[in-house]
Amino acid sequence: MEDIKHILEQFNFSGELADVSLFGSGHINTTHIATYYKNGSKRHYIVQKINSGVFKDIDALMDNVFAVTSFLRGKIKENGGDPERETLHFIKTREGSKYYACENGDCYRAYKFVDNSKSYDSVESPELFEKSGIAFGRFQKYLSDFPAVTLNEIIPDFHNTAARFENEFLPAVSKDICDRVKTCQNEVDFVIERKSDCPRLVNLIDNGSLPLRVTHNDTKLNNVIFDCDTDEAICVIDLDTVMPGLALYDFGDSIRFGANTCAEDEKDTSKVSVDLDYFKAYARGFLSEAGKSLNQCEIDNLAFSAKLMTFECGMRFLTDYLNGDTYFKTAYPEHNLVRAKNQFALVKDMEDKMDEMEEIIKNIKI
């Protein structure tokens with residue numbers, strides 16, 4: 001407790017400390033919530049130890065976070081919203097820094113807790129999924145004129161599917177360091193057969209058809225917070241992977257996560273499919289906010305982006321399996337292979353339903 005109190009003292013919090021405790025269920029950063037009293041009222045602050053093992057350049061990460069949230073506050077105010085609730089408000093240290101670095105190298109950052117808010121860990125209904133689409137669509141809309149090229153690339157080539165295929169997947173197959181190719185030849189063949197899909201979006205960036213935008217890159221439902229009273233989406237959180245990319249990355253990964261009829265490690269792939277009601281709900285919510293800020297090429301590739309992001313994720317699971325499970329946490333030896341098979345089953349179902357998915361996008365009024 002004394003250690004965390006020392007950390008709290010480094011930030012410009014208002015009031016007297018009443019309580020501090022661990023908070024949330026995140027697996028990457030360690031999070032505390034601190035309660036302060038001032039003039040009879042409570043104020044809550046979030047303090048996080050940033051995982052420097054995952055994020056190597058804390059300066060670059062925090063520069064991105066401050067730049068994006070500052071820009072969002074201005075946009076929200078312009079549109080008559082509440083900047084204190086509709087985006088995170090980060091707090092500098094008493095020395096004016098964006099984070100506090102301990103002598104042992106640990107790095108901490110702080111922001112205001114959004115009161116009367118909640119989050120969901122699972123997509124319980126199309127209606128809830130649509131609300132998350134509204135939140136991420138609004139995020140895209142408000143940042144559509146932010147100069148994305150000025151942001152730091154926190155994880156290089158994060159969604160460059162072609163680079164992941166050439167530089168990670170193929171070497172893993174060739175080296176076969178764990179002698180596992182023989183256990184997953186069908187899955188290896190599945191990836192190789194779709195080699196031509198890998199460069200489609202990066203080629204459209206290169207020829208100027210797709211613009212670089214600010215992307216969140218972790219569009220899970222629990223990265224949206226909702227108002228406890230109205231159950232409406234308030235704002236997008238967890239901005240560690242904000243960087244230049246494509247709006248399609250965020251849309252596609254949302255569908256991969258939320259429209260799958262199963263958990264991503266369901267072993268029975270016959271249960272795996274893309275739920276078109278959920279797909280339609282999310283697309284409707286996303287386009288209701290972001291639609292007018294997207295160009296036609298982006299809209300035309302929304303359905304494909306869901307397939308590509310699912311394919312890329314499956315390829316990453318398979319690559320990690322071949323490499324001996326060095327990246328993703330696993331619960332048993334075949335866990336990553338099970339995940340890969342699951343994602344590839346979802347890819348196949350999306351391929352079978354691609355015409356329907358594209359028709360759904362075309363029929364949404366923007």
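Predicted model: local features only at pLDDT ≥ 70, side-chain atom pairs only at ≥ 80, totals over all residues.

Into how many nonpolar, polar and charged residues does the lining of the largest cavity divide? The answer is eight nonpolar, one polar and two charged. Under this scheme Ala, Val, Leu, Ile, Met, Phe, Trp, Tyr, Cys and Pro count as nonpolar, Asp, Glu, Lys and Arg as charged, and the others, Gly among them, as polar.

Residues are numbered from 1 along each chain as its sequence is written, and side-chain values use heavy atoms, with hydrogens and water left out.

Let me stay with the cavity. The structure holds one cavity of 30 Å³ or more, and the volume of the largest cavity is about 110 Å³. A cavity, on a 1 Å grid over the protein atoms alone, is a set of points where a 1.4 Å probe fits but cannot get out; a pocket is an open set with protein on both sides within 12 Å along at least five of seven lines; and lining residues have an atom within 4 Å of a point. Grid points are joined across faces, edges and corners, and a volume is the space filled by probe spheres set on the points.

The lining of the largest cavity includes Leu72, Ile76, Ala135, Arg138, Phe139, Ile234 and Val236. Helix H2 (58-78), H4 and E10 are the elements that give two or more residues to this lining, and H4 gives the most, with four. Helices (H or I, at least four residues) and strands (E, at least two) are DSSP runs, numbered from the N terminus.

H4 and E10 lead us to the sheet. Helix H4, residues 126-142, lies across E9 and E10, and runs at about 50° to E10. For that angle, axes are lines fitted to C-alpha atoms, for helices over the stretch in contact, and angles run from 0 to 180 degrees between N-to-C directions. Contact here means heavy atoms within 4.5 Å.

The sheet itself is open, with three strands in the order E7-E9-E10 and antiparallel pairing. Strand E7 (117-118) and strand E10 (233-236) stand at the edges with a single partner strand each, so one side of each has no neighbour in the sheet. Two strands pair if DSSP finds at least two bridges between them. E7 and strand E9, residues 224-227, are paired over two bridges, and Ser117 stands opposite Asp227 in E9. E9 and E10 run antiparallel and are joined by three bridges; Val224 has Val236 in E10 as its bridge partner. The hairpin of E9 and E10 has five residues between the strands, and there Asp231 takes a positive phi near 65°.

Which other residues deserve a look for their backbone? Asn116, although not a glycine, has a positive phi of about 55°; Asn116 sits in the loop between strand E6 (107-112) and E7. Asn217, also not a glycine, has a positive phi of about 70° and is found in the loop between strand E8 (213-215) and E9.

Are these two asparagines buried or exposed? Asn116 is partly exposed, with a relative accessible area of 35%, whereas Asn217 counts as buried at 7%. Buried means under 20% relative accessible area, exposed over 50%, and partly exposed in between, with a 1.4 Å probe and protein chains only.

Leu221 is placed in the loop between E8 and E9, and is buried, with a relative accessible area of 2%. Leaving aside neighbours within four places in sequence, Leu221 is in contact with Tyr120, Ser122, Val123, Leu128, Ser132, Phe226 and Phe257. The C-alpha atoms of Leu221 and Ser254 are 33 residues apart along the chain and separated by 8.0 Å.

Of its 15 lining residues, Arg164, Glu168, Arg316, Thr319 and Tyr327 lie nearest the centre. Helix H5 (161-175) and helix H11 (302-322) are the elements giving two or more residues to the lining of this pocket, with H5 giving the most, six residues. The lining of the second largest pocket divides into seven nonpolar, three polar and five charged residues.
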